[in-house]
Structures are given as structure tokens and as C-alpha cells.
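This report describes selected features of one protein model.

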Amino acid sequence: MDFDLPPDDHPMRTTVRDWIAANPNPSGRDLAEAGYVVPHWPAPYGLDADPIEQLVIDDELSRAGIRRPNNQIGIGWAAPTIFMAGTAEQHERYLPRIFSGEEFWCQLFSEPDAGSDLANLACRATRDGDEYVINGSKIWSSGAHHSQFGILIARTDTDVPKHKGISYFIMPMDADGVTMTPIVDMTEAHSFNQVFFDDVRIPVANRVGEEGDGWRLAKVTLSNERVSLSSAGSLWGTGPSAAHLIDLIREHGELTDAILRQRAMDVYIEAKLLELNRFRSLSATLRGETPGPEASIQKLMADDHGQHVMELAKDLAGADGMIAGSGPVGVVPDAMQGAPVENRRRLGASAYPEVDPIWHHGFLFSPALTVGGGTFAIQRNIVAEHVLGLPREPNVEKGMSWSEARSLAV
Ligand SMILES: Cc1cc2nc3c(=O)[nH]c(=O)nc-3n(C[C@H](O)[C@H](O)[C@H](O)COP(=O)(O)OP(=O)(O)OC[C@H]3O[C@@H](n4cnc5c(N)ncnc54)[C@H](O)[C@@H]3O)c2cc1C
């Protein structure tokens, strides 16, 4: 790490503080218009902020307890793709309300038979004059039931190799023919859905980029997804972190069990390594270099780490941890057990406000960390092939999909 954060009286900090003093309770729109939602973006959306300025803005906003709009898929994944390949009309129509959080977005990529092998997707978009007619189904669509729009990839051509026949669309979730069924996961939260499209008509103006260019654009979305999922925090950047758990252990007093103490040290060390790895990427960016292997291994390490933190939190609760709804009793101070949600949230916010963000939820959610945004196996394949330079999977080399290869193996 070869940088220092500016001191307390640096103009970079005082500018943000002055703005906060003038806007003590900013709305999403206030933050978006000030460029504080995506400071690294160019104007009019951001401030062209370099990584240090971004860190300072993050720091000052969080010190003042100000949260950015919670629209992860919109801000982190849809917006960069629309900005890169969308028309001026699409920029003007969608980007400001994505950043202000006034319109919430979901991602309509995965299908029952297309997850890791996403290019296998079957959802069809058939051109009919100035419209496309969409038929098919998407699954695991997080937050689709709260969303105004979704980024959708669908097959526009079945006569070309599968990667080439895919296009990228903006789907209004209130269009005629869009229905969905909730999927309740084991945290008992309804965060996913299966979404069905029956003769849904959307204008050609809702296509992003050229027809057939959807796979390239989907990869842009997925690379942003993998980067943003690997930011700080145990549950894809949200929820309590190793530092919170260590603080609670300290508050509780000495940890006498040698194995639990060792595991607490392990999660502390993992968290430090992840932090240093993030700083390494940041140093590379500041030197004008593209982050290398450290970016690829960040998600891999962060996902495992999240599971370790949550498993330790449960085990620290002992037998009480087996009771649904209980947190790590004896680690979360008693006073917090029945505390109002707002107080408990000091441990970190969930992406879904209806879900209890504390350890029990985190423990039940944590297996998802190594599945969503690319499974642990896919991440390892990426590191093996693109970082270590190992040979590609032989069957994929021959043009065979993973699912075809898998069906041969059984
Ligand atoms: C919390 C969460 C939120 C999600 N949100 C969304 C969303 O909003 N929108 C959306 O479109 N999708 C979403 N997903 C779906 C997610 O993208 C898929 O679950 C993921 O891509 C894996 O696909 P799959 O579930 O079909 O598993 P599969 O691809 O069927 O994988 C099954 C198993 O096979 C292994 N495997 C597959 N291919 C290989 C290979 N080449 N080499 C070795 N092993 C392999 C996998 O590692 C896994 O263990 C979400 C998932 C989760 C967990």
C-alpha cells in the first residue's frame, strides 16, 4: 500500500463536510445531484473522483450516518452497462432515477437451465415491427417484486452459435404479461422470484446496444457484479463484519475456548488480508495500472470469509445458536437482543430491510455467498485459467457446455 488518506483538515474532506452541513438529511436525489452516489463517474452523474477522493467521500458520509440509495443492481450493474452501450435517450431517462433510488432495478439473467452456463438461456425475444415479444422465464431474480425495471438478456437469434444470438433489454416490470412467483429462501425472506414473460411486448427502444451484442454486455454487467460483491463486509459488503464480531467478543470479555479463540484470530487475519488486497488494487489503480490477480481473488476470498465469520458467530452462541431467531447469545450483549431494529442495525444493514440483519440471518444466508454472482467453482476456474494460466477445461475447449459435459459424466 503506497498511499495515505488526507488528514482531517484537508480541503477534500472539508468540501464534503460543508455540503453535509448544508444538507444534513439529504434525499437520494440530493446525493445523486451532488455526485456523491457515484463519485467516480464523470459529470453530470459523478465528480470524476479518483480512488482517494472516493474513499474520503465514503468516509465522510458514513461518519455523518448518511446512507446512499439502496439500489445495488441498478447503480452497480445496470447503470454502467446502460452508460457504456445505451443511447442518449436511455441515459437521460434511466440513469438519474437509478442513482437517486427513485427507480429500483433487478437482474433477469439466470434461468432454470442457465446459471453458470448462462449462454444456454432459452428466454426468447422475437422482433415484431417496432417491438420485441418476450416469452420465457427467469429465476432467482432478487428484488424483482420491488423493482420498476429489470435488465434482461434474451435470445433473439437461434440460428447462430449460442453466445452470438443474445440481446440485452430494459424490461419494465409492470408490462402486460409479466408475472412472478415468490421464492422464500431458508432465511425465511422473500428476496428471490421466478419471473414469467408471456407475450410481453416492449419497444425496440428498450434494447441496449445492437441486436446480438447481449453476451458482451452481460459480461460487462457480470464483471461489475463480481467487483461490487467483493467490497468490504461479510455478506457481499453488507451485514456485520469480522471487525464487528471481534468487537463483540472484546465487549463480552475473555474468550477462554482455545479453538474458538483460534477461529476468531483466523477471521481477523482473513479480514486484514482482504483489506490489504483491496488496498493493493487501489494502489494499482492509483498508479494507472489495471488491477491484476488481486481483483480476481477478492471475491473468492471474501465469500469464504463471510461464511467463516457467520459460522463462528453461531458457534460462539453455543447451544442457543441452534434456536431459530437467536443471535450469538453471549456475544451480542443482552441489551441488544431485544433492541429496536434501528439500534441493532449498527452492526450493518441488510440489502433487504424486511430481513433481520443480524447474525442468525447472516448465518442462514451465508451459503449463498459462494453461489450468487458466479459459484465458487466458476471463480476458481477463472483464477486457474486467467491468473495461473492453467489449461482450459477440455470439454469446454471442444465447444461443449458444462451441462453437456456433466450429462456425459453421469
Ligand atoms: C443470493 C443470490 C442472489 C441471486 N440473484 C440473482 C439475480 O438477481 N438475478 C439472476 O439472474 N440470478 C441471480 N442469482 C443466481 C446466480 O447467478 C446463479 O445461482 C449462479 O450463477 C449459479 O447458477 P445455478 O444456480 O444455475 O447453478 P449451476 O450453474 O447449475 O451450478 C450447480 C453446481 O455445478 C457447479 N458448476 C457449474 N459449472 C461448473 C464448471 N464449469 N466447473 C465446475 N463446477 C461447475 C457449480 O459450482 C455448482 O456447484 C442469485 C443467486 C444467489 C445465491
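## Terms and model

A residue is called buried when its relative accessible area is under 20%, exposed when that area is over 50%, and partly exposed in between. The structure discussed here is a predicted model.

D247 and R250 form a salt bridge in which the closest N and O atoms are 3.6 Å apart. Both residues belong to helix α7 (residues 242-252); because they lie three residues apart there, about one helical turn separates them.

The two partners fall into separate accessibility classes. D247 has a relative accessible area of 39%, so it is partly exposed. R250 reaches 59% relative accessibility and therefore counts as exposed.

Side chains of opposite charge can pair when their charged atoms come close. The whole structure contains 21 salt bridges. One of them joins the side chains of E102 and R29, with an N to O distance of 2.9 Å.

R201 and D128 make another salt bridge, their closest N and O atoms being 2.9 Å apart. Here the link runs between two strands, with R201 in β7 (residues 190-203) and D128 in β2 (residues 124-128), 73 residues apart. The relative accessibility of R201 is 42%, so this residue counts as partly exposed. D128, at 39%, is also partly exposed.

## The nonpolar core

The largest nonpolar core comprises 41 residues, and I98, F99 and W105 have the most contacts inside it. Elements that contribute two or more residues to this core are the helices α1 (11-22), α2 (28-33), α3 (51-63), α4 (72-85), α5 (88-99) and α6 (214-229), together with the strands β4 (149-155) and β5 (166-172). Helix α4 supplies the largest share, six residues.

Which residues does I98 touch, leaving aside those up to four places away in sequence? Its contacts are N71, G74, I75, A79, I82, E103 and W105. W105 is itself among the residues with the most contacts inside the core.

## Backbone features in the loops

The loop between α2 and α3 holds P44, and a cis peptide bond with omega of about 5 degrees joins A43 to P44. D48 is placed in the loop between α2 and α3 as well. Its phi is near 55 degrees, a positive value in a residue other than glycine. With 57% relative accessibility, D48 is above the 50% limit and therefore counts as exposed.

A further positive phi, of about 60 degrees, occurs at W140, which is not a glycine. W140 lies in the loop between β3 (131-138) and β4. Its relative accessible area is 46%, so W140 is partly exposed.

Definitions and conventions. Residues numbered from 1 in each chain as written. Predicted model: local features only at pLDDT ≥ 70, side-chain atom pairs only at ≥ 80, totals over all residues. Heavy atoms only, no water. Core = buried A, V, L, I, M, F, W, Y, C linked by side-chain atoms within 4.5 Å. Buried < 20%, exposed > 50% of the residue type's maximum accessible area, 1.4 Å probe, protein only. Helix = DSSP H or I, 4+ residues; strand = E, 2+ residues; numbered from the N terminus. Contact = heavy atoms within 4.5 Å. Salt bridge = Lys/Arg side-chain N within 4 Å of Asp/Glu carboxyl O.
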